[in-house]
Amino acid sequence: MKSLNFLLFSLIIVSSTTLLKFSESKTHWEDIKALKQFKQNINPDSVKPGSCVNTWNFTFDPCENLFSDKFTCGFRCDITVSKLSRVTELTLDQAGYTGSLSSINLPYLEILELSNNYFTGSIPDSLSNLTRLSRLSLSSNSFTGEIPSSIGSSLSNLQELYLDNNNLQGTIPSTFNNLKSLTKLELQENNLTGKFPDLGSLQNLYYIDLSNNEFSGDPFEFPVTLPVSLVQISMRNNKLTGLSSESFKNLNYLQVIDFSSNKINGNVPSIFFQLPSLQQLTLSFNEFSSIEAPSFGTESLQNELIAVDISNNQLQGFLPSFLAFLPKLSSLSLENNRFTGLIPVQFALKTVFPETGIAPFGRLLLGGNYLIGGIPRPLLVLKQDSANVSLVDNCLFRCPHVFFFCQGGTQKSSDECSNVIIP
């Protein structure tokens, strides 16, 4: 009888202690459960000593012991609801964790950052339940499958989305047009296909990087509108075949355009030389055949362009002299095209004797064309190391079909090597 009473007394003490511990818990029980589940989904062999997750000891309260040796890092608790802390941020260290994502039941989560690890599998639809998310970063993992359309339809507070450097396939969901708060979109280095989506309704989006994918399209398939808030767009190394100038109208804040390494043909639109804030234009390694000059006079070319690279295309005709009148342009690369005719004296004057308030050419690359005639006289007095000027592989004085030795002793025909090289 005494033994039975002692057993009952012990059970009461243990139960009371458990209830007391639960009642004193600083972290909401659902968040504790979610963190435990998240840890269980990580491959234990990838949880290295010293990593954030390795220190998670759930015999202690997570939020109460955050940044101690029990929970050194990996999450934050910044909101208190009914005197209980809620997890608002889940940010793992770059410790090489492996595993897959399942449902993450952290309803107050605002930041989910799992980049630079080795998570695999598909991106779960259940992420759409995290309706408070403002930043979602799954960059540099090994996620596969398609981007869930539910991200666009449910995460209305999302401001930054990073899914780059994975193995994602399929198209960008049309539901992304619902992400009205989105400011940055990075999907580069995947296997995404299809047409470039129309994101014109995203009036806060200022940065887009969709480089190194499989996007395709001709001028009629390119979106009619882009966000007016856009500051930078990069789509290098895709399979685009054309650009529509209509897409870039009213982009008064656009500073950087990079469409290099595509298959874009036709004219380089004149709108690129009229955008008021554009500083960098990179269209190299495409199939452009001509540059469309602005219709107004050179005195009206008051833009911010600093660097223009349209090298390695199929540009023909004379060098576009209007480029010498862009007041801030200091780097121009038109090499490896099919330009003919003389080098405009305006290029030489801008390089050696720029007018007051006009930036000189510090980099002028015109090699690998079919330019003829003499070198403009100002370039002959160019001081060494004052500018990087390349005129090699042209036909500057003559193009006889004979072989001669070029600089460095390489034997080529004069069609392949200029007989004058500016140092």
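Predicted model: local features only at pLDDT ≥ 70, side-chain atom pairs only at ≥ 80, totals over all residues.
On helix 2, the face turned away from the buried side carries the exposed residues Lys33 and Gln40. The protein has 423 residues, and 48% of them are buried.

**The protein as a whole**

- If you take the contacts between residues at least 6 apart in sequence, 54% of them join residues at least 24 apart.
- The accessible surface is about 20000 Å², and carbon and sulfur atoms account for 51% of that area.

**Helix 2, from end to end and side to side**

- Helix 2 runs over residues 29-40, and at 1.5 Å a residue its 12 residues should span 16 Å; the end C-alpha atoms lie 17 Å apart, which agrees with that expectation.
- The buried residues of this helix are Asp31, Ile32, Ala34, Leu35 and Phe38.
- Looking down the axis of helix 2, you would find its buried residues within an arc of 165 degrees, so they line one face of the helix.
- The cover over those buried residues includes strand 1 (75-81) and strand 2 (84-91).
- To complete the picture, Lys33 and Gln40 are exposed on the face of helix 2 turned away from its buried side.

- Thr27 sits in the loop between helix 1 (2-23) and helix 2.
- With a relative accessibility of 2%, Thr27 counts as buried, because the cut-off for that class is under 20%.
- The Thr27 side chain reaches the backbone nitrogen of Cys63 at a distance of 2.9 Å.
- Setting aside neighbours within four places in sequence, Thr27 has contacts with Ile32, Asp61, Pro62, Cys63, Glu64, Leu84 and Ser85.
- Two of those names turn up elsewhere in this briefing: Ile32 is among the buried residues of helix 2, and Cys63 takes part in a disulfide with Cys77.

**The disulfides**

- The structure holds 2 disulfides. As a reminder, a disulfide is a covalent bond between the sulfur atoms of two cysteines.
- One of them joins Cys52 to Cys73, with an S to S distance of 1.8 Å. Cys52 and Cys73 are 21 residues apart, and each lies in the loop between helix 2 and strand 1.
- The torsion about the S-S bond of Cys52 and Cys73 is about -105 degrees, so this disulfide is left-handed.
- Another disulfide joins Cys63 to Cys77, with an S to S distance of 2.0 Å. Cys63 is in the loop between helix 2 and strand 1 while Cys77 is in strand 1, so this pair ties together parts that are 14 residues apart in sequence.
- For Cys63 and Cys77 the torsion about the S-S bond is about -75 degrees, so this disulfide is left-handed.
- Cys63 is buried, at a relative accessible area of 9%.

**Val81 in strand 1**

- Val81 belongs to strand 1, and strand 1 is part of what covers the buried residues of helix 2.
- Its relative accessible area is 26%, so Val81 is partly exposed.
- Val81 and His28 are 53 residues apart along the chain, yet their C-alpha atoms are separated by 8.6 Å.
- Not counting residues up to four places away in sequence, Val81 touches Arg86 and Tyr108.

**Phenylalanines with a positive phi**

- For background, most residues other than glycine have a negative phi.
- Phe67 is not a glycine, but its phi is positive, at about 70 degrees. Phe67 lies in the loop between helix 2 and strand 1.
- At 53% relative accessibility, Phe67 counts as exposed.
- Phe285 also has a positive phi, of about 55 degrees, without being a glycine. The loop that holds Phe285 runs between strand 18 (280-282) and strand 19 (287-291).
- At 46% relative accessibility, Phe285 counts as partly exposed.

Methods: Residues numbered from 1 in each chain as written. Heavy atoms only, no water. Helix = DSSP H or I, 4+ residues; strand = E, 2+ residues; numbered from the N terminus. Expected span 1.5 Å × (residues − 1). Buried < 20%, exposed > 50% of the residue type's maximum accessible area, 1.4 Å probe, protein only. Arc of directions from axis to C-beta. Contact = heavy atoms within 4.5 Å. Areas by Shrake-Rupley, 256 points an atom, 1.4 Å probe, with all protein chains shown as cover. Polar contact = N/O pair within 3.5 Å; in protein donor to acceptor, adjacent residues only side chain to side chain. Disulfide = S-S within 2.5 Å.
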